[in-house]
Structure formats: structure tokens, C-alpha cells
Amino acid sequence: MTEITQPQNDVVTQAISTLVKGIYEENGYHLPKSGTDWRDAVPPGSLLTFKDELKAAKARMSQQLEILMARVAHHANLVASLVHRLPVEVLAMVFGEFEPSKPHTRGNTSLFDLLLVCRTWYDGIIGSPRLWGWLDAEMPYKIARMVMDRSRRCPIALSWHSFRLPRGSRRLEQFKLLDLAIENSTRIKRVDIHLPRWGPTRPSPRRILEARTPALETLQIRIESYGTNTGFNLPFDQFGLPEGPPLKHLSLRAVATPLDCPRLSNLITLTLSRSSVPRSPEELLQFISSSQQLEVLDIQDVENSHGNIIGEAGESAPVVLQHLKKLVLSMVPSVYIAAILASIYTPSCSHIVVRDRMTDGRTAVMLELLDAVIWRPGNNQAAALTGRPGLEPEKSTLIVKVFLKWIEVESLRSLRGYRRLQFGRTNIPQLMAQLGTAISQLPSPPVLHLHEVNVQARGPTPVDLLPWSEVLESLTVKGISSCRSVLQQLSQRQVVHGTGGCDWVCRKLSSIRLVYGWKEKEDATLDGGALVSLVRERWSGEDGFVATVQPAQFEVSCRKARFENLWSLEAEITRILPSFKLIDANNEI
């Protein structure tokens, strides 16, 4: 490519001479003879006029040069920039990530800011009606009117987040904005409403929900409990939808609508929280049983439940949610969650989160009945809750944590999905036995790690390991009563199902960790003596029993000063079990 050199002085002089000649001719001056200074050819009385002409010519030349340089820069961008080579249709797809909000608001780039970049972007944005399909409660009315005009007949999304009290002209503008949205309600495809629970009289977006919205697919309403002044009016606590095509996505928080509405019959996602959730699980089940396309069910923050809690769960066929991929039941009363889990089957669900809000002992009997249904051997939903064992090419892995009043079951995150189940109960050992039996009898049980048994001395009895014997691969227990229970249980043998022979309890264990409390003190027989006896019987074969496979890790953590007898036995234990390790709890602080 040939480089262009800067203009030389003679080129500039020639350009000025051409300019002066033009001014002479326009004003009827005699052209100066060759070799004569051009200033001497201007009549003295016309010098000031000639000066003004030169100024005007200079201004016009500057303007033309600016236009020329802009065109050159634009052409250079077209040649050098990949963005400027993109078709207008592709640019419109990129611009679709920006909202037509007020310029420079909330630190975000507005579509209006992009208009100022270059002519190509300006033409591409103005000529793409779909880019203007966004109406916001915070928009000035003039901008909102312009946005609606430029969107033509394309679908629009309405965002009505109004937490600040509108005053004066701004309050009038919001009423006009609401009227504008209602005028275009037949084009609204998505509605997102977010309001405080209590607030002074303001334009209520409830009018939009009562308007005709045949294009509406997504409806999200959140009412927050900011403020407690009951002298103010509620924005609204319930609403109904007019006739129209079915919605695809519904998300409600602290606002209710009848779930038997025909427009909610074919939902893909359903998210309900607080007062939006039906008070009775039976009512919710009746609704989801007719929502066969449901892919996401998210129920959260339910204080109390009333009505029928399904006394016949398990006797009738479960509600099959064939397409459900995500199930969330969080901070919901235990009996409500148990009633739902006992009455559904989710064969394709890959993401499950259950976190119950433990209720009082009055529902204990009902919970025991429902738990027996959920975790009965052979129940397909038990397999779905724990990772669909038998349906995956590889085994799933579960971590079970047991606390004083609740159990957590969590899967390791993988491409196959995620599970986290938390159940609060008054009788933890009973639920643990049911859970262990159900998981052990699955066609292809998961790899299981019982990583923490945090049972205090005043709490319930330690966990029975027998129901978990065929699946448990690692075990961590805390507290002296739990540690002693493990030593006693691991020294036992059990009948192997289907063979009639006997083998050690939890024969697949590859990792064992016992953690004694800071203030707990050794009993020579129940702690050190029981540990040596276990090691000799289970792993040495010296006492006449067939030795089982040694674990890759066996750790005991305790204070050396309080477990002197156990520490004196370390050499004898490591002779038989080289993977054994004693850890002084004093050094772990």
C-alpha cells in the first residue's frame, strides 16, 4: 500500500490562491497581474469586506474538511473493523442485549448511548423495531412514547419496579406510563412487577393484569415486606387473569392468583413463595397434576400449611411429572414437603433441593407415615431423589450428614445434576434407618459417605450402621457416644443377603475417622480396649475370623492427656493396620 505524504507548502499556497481568485471573481475585483501582491488589488474601501469573506470561506472550508475526515474515518472502519462488516441483522442481535432505558442510568449502557457511536449503528438501531420492545416504570414519558412508536407492532416487555414514591409531575408521568402500557397491552409478552408490600397510593400495575394480554407468556410479580405502616394501601395481594392463551412461565411472591385459571394450565416453569403458595399440599398437587409440560417447580418460604395433608398418600398412583428438570422445596413445613414427595414421581429431574422448615411434634405421626411412603424399598421416587441410580451410566455419590435434629443428603456436583435434601425430624435414627434401607436396596446404589455424625451426649441414640452396610465407603463420627457405637458396630458380622454367608458390617469402608470431644475422657475398656479388639478381629485374622480388606485411612482424633491408654496402644494397632493414625487434638487448635 502506497503511503500518502503530507501536503507541501506550494500545494497549500496554490489552494489559497484558488480561494482568493474565487473571492475576486465573486466580488468583481480585477485580478492582480502576475507578480503583484493580491492585497494591493483590493480597493482600500473593500478591505474589511474582503476580510469578512475570508473568514466565511475559512469556516466553510473547516466544515467541509470535518465532513471529509468523518467520511474517511467511516470508510476506514468499514475496511478495517469486523464489527462494521457485520450485516445489519447480526448487529441487531448484538444490540438486543441493551435496553432502551434512559442514557447513562444505573451505570449501564443504554440503547440511546449506542446511537451516538456511528452512522451504521444509528441506522441499524433505528431500523430494528424489536430492539425497542422494552417499557420501564422509571422511563420519562416522552422516551416511553418514542420507544413504543419505534417498536411498531413488535412484542414488548414491561418492567414495573417502583420503590420510590413518585411526587408531583413524576407521579402524573407514571399514571401516563401505565395508560401507555395498557394501550399496548395486546403486544405485552413479558411482565415483571416488583413493589413494596406497603406504600402510599400510586399507579397500580394491577390494571395491566386486568387488561387483555393475548401475547403474554411470562409473568413475574414480587411484593416485598418493606415498611410496616398499615395506614397505607396494599398494592394488591391477589389478582385474576382475563381470558387468553396459556402462559409459559409464572413466578409469584406474596401475591396469589387462582391456580385453576385456564391460562395456567400449560406452564413450563412455576415459582411460588410466601402467600402465593396454596395452603394445602393437596391443592398444589391437583394443579401440577394437570401441568404435564412443567420443567421447573420452585416452592419457597411457607410459614404454615392448612387443609388436607393427604392421609391416603401412597395408596393411589403418584403424579408423574415426566418433564420436570428442577425441583426446589425450600423453607416449607416438613409435613407439606413430605406430602408432596410422597405423591409425585420425577423420573427426569436432575436438580433437586429440599430444605424443610421443621414443625412441632404435633405432626410427628403424620411425618412418620409419609416418610414410610417416600423411603419404602422399591419406590421409584426414592431413586429419583437420590440421583436416579440405575438410570445413569456411572454411579452417583452421596454425602450424608447427620445432626441433632436434621439430616442432610447431598450429591457431588456433576454433569448429571445435583441433589441437596435436608429433613428436620424429632426421630432422626428412625429416618436414617429408612433412608439407609431404601438406598441400599436400589438396583444400583450410590457410593455413600457418612461424613459427619454430630450427636451430642444428651441427644438421641447414635446412628445404626446396619442399614447402610452395603453402600457405606467412608465414615466420620464426632462425640464419644458415637465413636464407641462405631467401634462396637464395626466389630459385628452380618448375614449377606442372597448367599446365606456372613461378613463384616460395612465391609466396603475405605475411610474411617473418629473425633472425640475436647472435654471427653477415655474409658480404657470402651475406647482403647474396644479399638484394639476391633483391629485384631476385623483386620488381622489372628482371632480366628477371616480378615477383611483394610481401609486406606483410619484416623482417631483425641486429646493425648485424656486418652493415655489409647495412645499407649498405637504401636500395636499400626502393626496390624498400617493406615492407622492417632492425632492429638491439642495440636489441631
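User: In what kind of crossing, left-handed or right-handed, does helix 15 pass helix 16?

Analyst: The crossing in which helix 15 passes helix 16 is left-handed, and since this is a predicted model, the description that follows concerns computed coordinates. Two packed helices are described by the angle between their axes and the distance between the axes. Here the axes of helix 15, which covers residues 480-490, and helix 16, which covers residues 525-540, come within 9 Å and cross at roughly 25°. Because angles under 35 degrees count as roughly parallel, helix 15 is roughly parallel to helix 16.

On the side of helix 15, the contact is made by Ile480, Arg484, Leu487 and Leu490, while helix 16 contributes Leu526, Asp527, Ala530, Leu531, Leu534 and Arg538. Sorted by class, this contact has 7 nonpolar residues and 3 charged ones, with no polar residue.

As for confidence, the protein chain averages a pLDDT of 81, and 78% of the residues score at least 70. Over residues 227-233, however, the pLDDT is below 50, although this stretch has 10 contacts in the model beyond near neighbours in sequence. Where pLDDT is low, the predicted coordinates should not be read in detail. Among the helices and strands of the protein chain, confidence is lowest in helix 3 (residues 82-85), at a mean of 64, and highest in strand 20 (residues 553-558), at 96.

Key: Residues numbered from 1 in each chain as written. Predicted model: local features only at pLDDT ≥ 70, side-chain atom pairs only at ≥ 80, totals over all residues. Heavy atoms only, no water. pLDDT = per-residue confidence, 0-100. Helix = DSSP H or I, 4+ residues; strand = E, 2+ residues; numbered from the N terminus. Contact = heavy atoms within 4.5 Å. Axes fitted to C-alpha atoms, helices over the stretch in contact; angles between N-to-C directions. Parallel < 35°, antiparallel > 145°, perpendicular 65-115°, else oblique. Left-handed = near helix turned anticlockwise from the far one by under 90°. Nonpolar A, V, L, I, M, F, W, Y, C, P; charged D, E, K, R; others polar.
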